[in-house]
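Subject: Structure for you to look over

Dear colleague,

I am passing on the structure we talked about, and below it you will find what came out of going through it. Please keep it open beside this message as you read.

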Amino acid sequence: MNLQGSREQSAEPLSPPMVQSTAKVTYESQWMGFVRHLIEGEVSFRTRLGEPCLKTYPLECEGLLRRARVTFQAGCTLKESFRVAQLEAVNEALYAINNLKKWMQPQHVERNLSTTLDECLMVSEPLGVVFIMGTWCSPVETCLVPLVGAIAAGNCAIISPSECTAHTAELLHRLIPFYLDNECFHVILAGTSDFPEVVELKFDHVFFTGNRSEGTRIAQAAARTLTPVTLILGGKNPCYVDQDCDIATTAQRIAWARFHNAGQSLVAPFYILCHTTVTARLVQALKCCITQFYGCDPRESRSYGRMVNLDIFNRTKDMLWRSGKVAVGGQVIEAEKYIAPTILTEVTESDPIMQQDLFGPVLPVLTVNNVDEAIAFINKQEKPLCVYAYSSNSKYSDHVLDFLTMQVITRLMSETSSGSFCSNDSILQSLMVALPFGGVGASGMGSYHGRYSFDTFSHRKSCLLRSTRFECVTYLRYPPYEDRNLSLMTWASTLSQKSQGWCHIL
């Protein structure tokens with residue numbers, strides 16, 4: 001699908017759909033219908049009443065930031081009704097809509113003796129104008145899912161899809177203004193080289209998804225203006241396959257996770273640490289799964305993708321050819337940016353594919369003698385975004401894991417550090433709205449999804465609501481500090497453990 005300049009027409013654009021919080025509207029059908037009209041050329045390419053879809057430079061971004069900040073300061077985003085109206089236009093937002101009232105309510109905290117008659121609570125207030133940068137691996141998801149949290153928390157937002165996925169970036173640039181408030185939410189088309197300069201414009205929060213080198217530059221630029229950041233960074237996600245596991249199911253789930261979207265995913269298994277006794281069986285099972293999923297020639301499969309651009313194609317091809325031994329696949333066609341689903345064996349830790357981040361349909365298989373070796377290997381590397389472990393025991397029913405199996409899973413979960421962990425499956429933990437998803441160490445900082453997205457884009461303000469009564473009790477905090485005052489304070493502190501709060505009035 002080529003949307004770049006191939007369908008530009010002078011036809012009158014469709015009116016944007018009315019978003020009302022009380023109306024029962026099928027927003028998914030509205031969205032898909034609008035996409036269909038866009039592809040068919042029935043909608044002229046514009047963002048806001050004639051604005052062209054062009055690359056956005058930092059100076060232009062500064063104008064959008066100023067515009068969004070004025071709108072935010074006017075209080076437009078504070079009302080629950082406004083937030084729900086915006087969320088209803090984004091398909092990922094149903095969970096947020098159903099829980100928004102609860103999230104917005106102040107949270108009361110435990111009081112001590114000195115605040116027994118007062119109200120102690122935390123209030124979630126919006127940060128202001130936030131900057132969301134998506135990645136080319138999942139360009140729609142990494143823009144819209146954080147945006148749900150930003151809207152729910154009451155912020156204005158500027159979104160920047162990845163320039164590597166130009167068609168998706170252009171589509172978001174043209175569609176979002178028809179569904180969201182045009183003063184609060186803006187889409188820019190900026191290159192990664194422009195990001196540090198844009199970040200220095202002083203946003204109230206920066207949310208970045210991408211690779212470590214770009215994330216480092218973003219964090220450095222944000223630090224210069226003391227702007228808080230959330231970084232979701234890719235890395236080498238290990239996958240341990242134990243000797244006691246269902247090889248057929250394990251291979252099926254790993255093959256799906258590694259090769260969907262031609263391996264271009266932040267959360268896919270990066271390499272397998274396989275027990276030596278089952279390596280050959282696993283490789284054969286993976287080969288069968290590839291044939292089952294994509295046929296004898298994956299190039300002809302409508303279910304198999306291509307590399308996003310030639311740079312990433314060439315980098316993946318170079319690592320593939322200089323690492324290990326090709327056991328399955330290995331075919332490449334530069335003109336199509338095609339790399340066949342590939343499994344590498346006899347891979348060593350020093351091979352190029354194990355030294356660089358890999359976003360392609362190549363799966364290295366390394367062997368280990370036991371779970372101790374696997375844990376030691378994982379802990380030698382930087383902390384990954386995800387750790388996966390497959391272990392089961394056929395001697396028991398499907399509903400029961402034996403002690404040794406639980407020990408393998410529990411040890412990998414507790415003795416390694418990662419942003420997330422999943423046993424006997426892959427990727428699914430990153431999709432659950434009730435679980436926070438984010439990195440740790442080199443794989444990032446902060447998290448999002450559901451309530452955790454709301455918290456990421458909120459400031460939790462501590463509030464103590466007091467009256468001017470009972471000054472006869474609190475007068476002890478005022479000087480002069482004489483022995484009598486101190487004696488009374490000491491006596492009050494011995495009444496109970498909770499009465500230690502009396503000391504706070506000093």
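In what follows, two residues are said to be in contact when they have heavy atoms within 4.5 Å of each other. Please bear in mind throughout that this is a predicted model.

To begin with the chain as a whole, it has 506 residues, of which 50% count as buried, and its secondary structure consists of 16 helices and 20 strands. When contacts between residues at least 6 apart in sequence are considered, 72% of them join residues that are at least 24 apart.

In soluble globular proteins, nonpolar side chains tend to be buried together. Here the largest nonpolar core has 120 residues, and the members that touch the most others are Phe-131, Leu-147, Phe-203, Ile-272, Leu-273 and Leu-286. Helix H5, which covers residues 141–152, gives this core its largest share, namely eight residues, while domain 1 (41–234 + 452–458) and domain 2 (238–432) each provide at least three.

Although Glu-373 and His-275 are 98 residues apart along the chain, their C-alpha atoms are separated by 9.6 Å.

The remaining points concern the second largest pocket, which has a volume of about 450 Å³. Its lining is made up of 27 residues, and those nearest the centre of the pocket are Trp-136, Asn-211, Glu-214, Ile-312 and Arg-315. Sorted by class, the lining of this pocket has eleven nonpolar residues, eleven polar ones and five charged ones. Strand S6 (205–210), helix H8 (212–223) and helix H11 (310–321) each contribute at least two residues to the lining, with H11 supplying the largest share, five residues.

With best wishes

Key: Residues are numbered from 1 along each chain as its sequence is written. This is a predicted model: local features need pLDDT of at least 70, side-chain atom pairs count only at pLDDT 80 or more; totals for chains, interfaces and linings use all residues. Side-chain values use heavy atoms; hydrogens and water are left out. A nonpolar core is a set of buried Ala, Val, Leu, Ile, Met, Phe, Trp, Tyr and Cys residues joined through side-chain atoms within 4.5 Å. Buried means under 20% relative accessible area, exposed over 50%, partly exposed in between (1.4 Å probe, protein chains only). Helices (H or I, at least four residues) and strands (E, at least two) are DSSP runs, numbered from the N terminus. Domain bounds come from an automatic or database domain assignment. On a 1 Å grid over the protein atoms alone, a cavity is a set of points where a 1.4 Å probe fits but cannot get out, and a pocket is an open set with protein on both sides within 12 Å along at least five of seven lines; lining residues have an atom within 4 Å of a point. Grid points are joined across faces, edges and corners, and a volume is the space filled by probe spheres set on the points. Ala, Val, Leu, Ile, Met, Phe, Trp, Tyr, Cys and Pro count as nonpolar, Asp, Glu, Lys and Arg as charged, and the others, Gly among them, as polar.
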